[in-house]
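Hi everyone, thanks for making time.

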Amino acid sequence: MDQVGEIREKIDIVSFISEFVTLNKAGRNFKANCPFHTEKTASFVISPERQIWHCFGTCNKGGDVYQFLMEYEKMDFPEALRTLAKRAGVELKERNQGSSGDTYKKEKLYEINILAKQYYHYVLTKHDAGKKALDYLKKRGINEKLIEAFMLGFAPSSGSALTSYLINKKKYSKQDMLDAGLGYSRGSSVSDFFRGRLIFPLVDHRDNIVGFSGRILDNDIKTSKYINTRETLIYHKGDHIFGINNTKDAIRRTNQVIILEGEFDVMTCFENGISNVIAVKGTALTDSQVNLLGRYAEKVTFCFDTDKAGQEAVKRSLSVVEKKGLMPTVIEVPGGKDADEALRSDPGAFKKAVKNDISIYDYLLEKTISSVDVKIAVGKKKVADTLLPFIAQIRNEIIREHYLKKISTELDTSYESIVREMERVEKKEKTTATTEILKLKRPKEEITEEYLLALIVQNSKDASFFQKARDVFSGNLNKNRAVGKIMDKLSSFFGKEKIFDSKKFANTLPQELLTTFDKSILYPLPVFTDAEKIIKEVEKIAKLLRTFYIQEKMRYIAEEIKKEEAALSVADAKGTGGSRVSKEIESLQKEYSALAAELRGS
Ligand code: ZN
C-alpha cells in the first residue's frame, strides 16, 4: 500500500469529520447538514464502511478524508497529505513531499511572502528608514505589542530595496517577484510594488501570509491611501479576512464576529480587549468570507460607518449572511465615527455600544423610516419597497412575522396588506431561485437509476436478494450508463460470492464506476420494514425506468416521422421514390402506436 492509502486506513473518517461537523447516526451511515452549502435538511452522508462522504444536496460534493479536508480548509492535496500524515503518525517519504505544478508555485509564494514580511518588519523596527513610520504608529496609539502581533512593517521609498534583497541575497528570480505581486516590471528590470508605505501582512486563518496591504503615511499625498497585493495564485481579495489569524479563537469563544472597516479599527479594538473582530477588504461580505466566519460564530455584527456607503455595504452583505443562517446585528457607534476614533475618544461609550448591538432589521427599519415621510402614500411605499426584500430573506418565521407586524404598525397599514405585498416580493425572488435550481437538475432517468442501485446495494446482504431484484429490473436499464455497468459487475460478483462485501466488490470496479457506486452506498434511503417491501419498491422503480425509456423512444420516433414526412413532400414534388418513404413512415407509426399502447397498459 502506498502512503496515501496507509494514512487513509489509519484515520477514521467519522471521528475526523465529527471534529468539524455535528453528525447523527442514520442506519449504517452518518448524516449532517452539509458544511459546503446552506441547507435545512441534512443531505451530507458519511459511510463508515466505505470511509467516504457525499452531499446529496445542491453542492453534490463528495470523496474521502483527503477531499473533505481539502474542501473544508481550502487546502491543496500535498498540504492535506502532510496534515493527515501528522495526525496518523506516518512519516512521509521524500517523494510524497515533492510538490508539483501550482502547489509548488504556491509554496514558493508563501516562502517569498514570509521573507518580505521579515524584511519590512526589520525596516520598521530596526532601521533608520522606518523611523518616520514608527513615529506615525506611535502617534496613532499602536504600541510595540500590536506591531508584533500584526507583524507590521515598512516598505522603503527607494524603489527596489525589497526586490534587490530577494533577488541578490535570497536568489529568487524577477519572475518570482512579479508572481508574488511584490514587484512590477519597468523595462527589463523589476521595481518594488510597495514603496514608502506602512505594511500590513494579510494572513489567512491557517497563518499563511497571502499578501500585503500598504498605507501611505501622509494623508495629503494625492495617491490611494491603501493599496493591496494584486490578485495572485494565493491572494484573492474576495476571500481575505483581515485579522482572523489573531482573532479566530476569541470569535469562537464569544460565538460572535464583529466586522470593522479597516486595519486600524481591528488593532485598536484588539488592544482594548475587544478581540472578536475582523476587517474585510472591499465593502460587502462575499460568500466565501461568510462561509469561513460561519465556522467560528453564529452572530455577525456589523460596525460600519453610518454614512451611505457603509449602510449600502451592510445591506449587500445581509443576503449572504441570512443565506448561511447566521444572525446579523449592528453596532451603532456613538457620534458616527469609526471604531478606532470612537475608542480613542471614549472607550467606555464604544464598549457599551458593542454590548448593546441591535438586530439589523431594527436598525434598517429605523434608518428607513427616519429618512421618509411615512404619513404620505409615497413614503409608505418607499419604506415597503426598501425593507420587504430584506425581511423576505429572514429564515425564521417568528422573527419574520415580528418585523412584518412592526412595519404595519409604523406605516399605519393593515397587517394583511403588508403580508400580501411581502408575498409579491417573495414570488419575484422565488421565480429567480427555482430557475437556478432547474438548471442544476440532472436527467430524471439518471436520478432514478441511481436510486435503484442504492436500493439494491444497501439491501443486498446476500446473493438471493440480488437475484430476486435483478429478475424485476433486468431489461429496463441502459447498459451503457454507469448504473447498468455496475449491475453487470454485481451479477458476476454474486456468480462467485454468496455474501455481499462492499469493499471486496469495490475492488472489482474500474475507477470511473467507483464514484457512482460510493454514492449508492451513501444514498439516504427510506426505511423499509421487510425485504418484500423493498422488492415492491424495486418493481415500482423498474416500471418507472421502463416508462422513461418508452417516452424517450416515442419522442425519437416522432422526430423521425417528421423528417420522413418532409422527405416525402420533396419526393412528391419531384416524383421520385415517394412510395419507399411512405412505407418508412407507416412502419414508424406502427412502432409508435405499439409503444403508446404499452405505456397505457403499464
Ligand atoms: Zn452540500
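Predicted model: local features only at pLDDT ≥ 70, side-chain atom pairs only at ≥ 80, totals over all residues.

Residues are numbered from 1 along each chain as its sequence is written, and side-chain values use heavy atoms, with hydrogens and water left out.

Strand β13 (residues 256-260) runs parallel to strand β15 (residues 299-302), and four bridges join them. β15 also has strand β16 (residues 327-330) as a parallel partner, again through four bridges. There, lysine 299 has methionine 327 of β16 as its bridge partner.

Now for some antiparallel pairing. Which order do the strands take in the open sheet of four? It goes β6-β9-β10-β11, with antiparallel pairing. β6 and β11 (226-228) are at the edges with a single partner strand each, so one side of each has no neighbour in the sheet. On average, neighbouring strands here are turned by 35° against each other, direction ignored; the axes are lines fitted to C-alpha atoms, for helices over the stretch in contact, and in general angles run from 0 to 180 degrees between N-to-C directions.

Let's zoom in on β9 (residues 197-203). Its antiparallel pairing with β6 covers three bridges, and alanine 155 sits opposite arginine 197 in β9. With strand β10 (residues 209-216), β9 pairs antiparallel over seven bridges, and phenylalanine 200 is opposite serine 213 in β10. β9 and β10 make a hairpin with five residues between them, and aspartate 207 in the turn has a positive phi of about 70°.

Is β9 buried or exposed? Seven of its seven residues are buried, so β9 is largely enclosed by the rest of the structure. Buried means under 20% relative accessible area, exposed is over 50%, and partly exposed is in between, using a 1.4 Å probe and protein chains only.

There's another hairpin to look at. Strand β7 (residues 183-186) and strand β8 (residues 189-192) pair antiparallel over four bridges, with glycine 183 opposite aspartate 192 in β8. Two residues separate β7 and β8, and glycine 187 in that turn has a positive phi of about 65°.

Glycine 159 is in the loop between β6 (153-155) and α9 (161-169), and at a relative accessible area of 7% it is buried. It touches Ser191, Asp192 and Arg195, leaving out residues up to four places away in sequence; touching, or contact, means heavy atoms within 4.5 Å.

Next, the metal. Which protein donors does the zinc ion have? They are Cys34 (SG), His37 (ND1), Cys55 (SG) and Cys59 (SG), at 2.1 to 2.3 Å from the ion. Donors are N, O and S atoms within 2.8 Å of the metal (3.2 Å for Na, K and Ca), and water is not among the atoms, so sites may look incomplete. The four donor atoms make angles of 103 to 115°, and the site is tetrahedral; for four donors, that label needs all angles between 85 and 135 degrees. The donor residues are spaced C-x2-H-x17-C-x3-C in sequence, and cysteine 55 is buried at 0% relative accessibility.

Cysteine 55 belongs to strand β4 (residues 52-55), which is joined to β5 by two bridges and runs antiparallel to it. Histidine 54 is opposite glycine 62 in β5. α25 packs on this sheet, touching β2 (29-32), β3 (44-47) and β4, and its direction makes about 80° with that of β4.

Last stop: α23. Its buried residues are Val483, Gly484, Ile486, Met487, Leu490, Phe493 and Phe494. Their cover includes α21 (444-459), α22 (463-473), α24 (502-507) and α25 (511-522).

How values were computed:
Tetrahedral: all angles 85-135°; square planar, octahedral: opposite > 155°, others 65-115°. Pairing = 2+ DSSP bridges.
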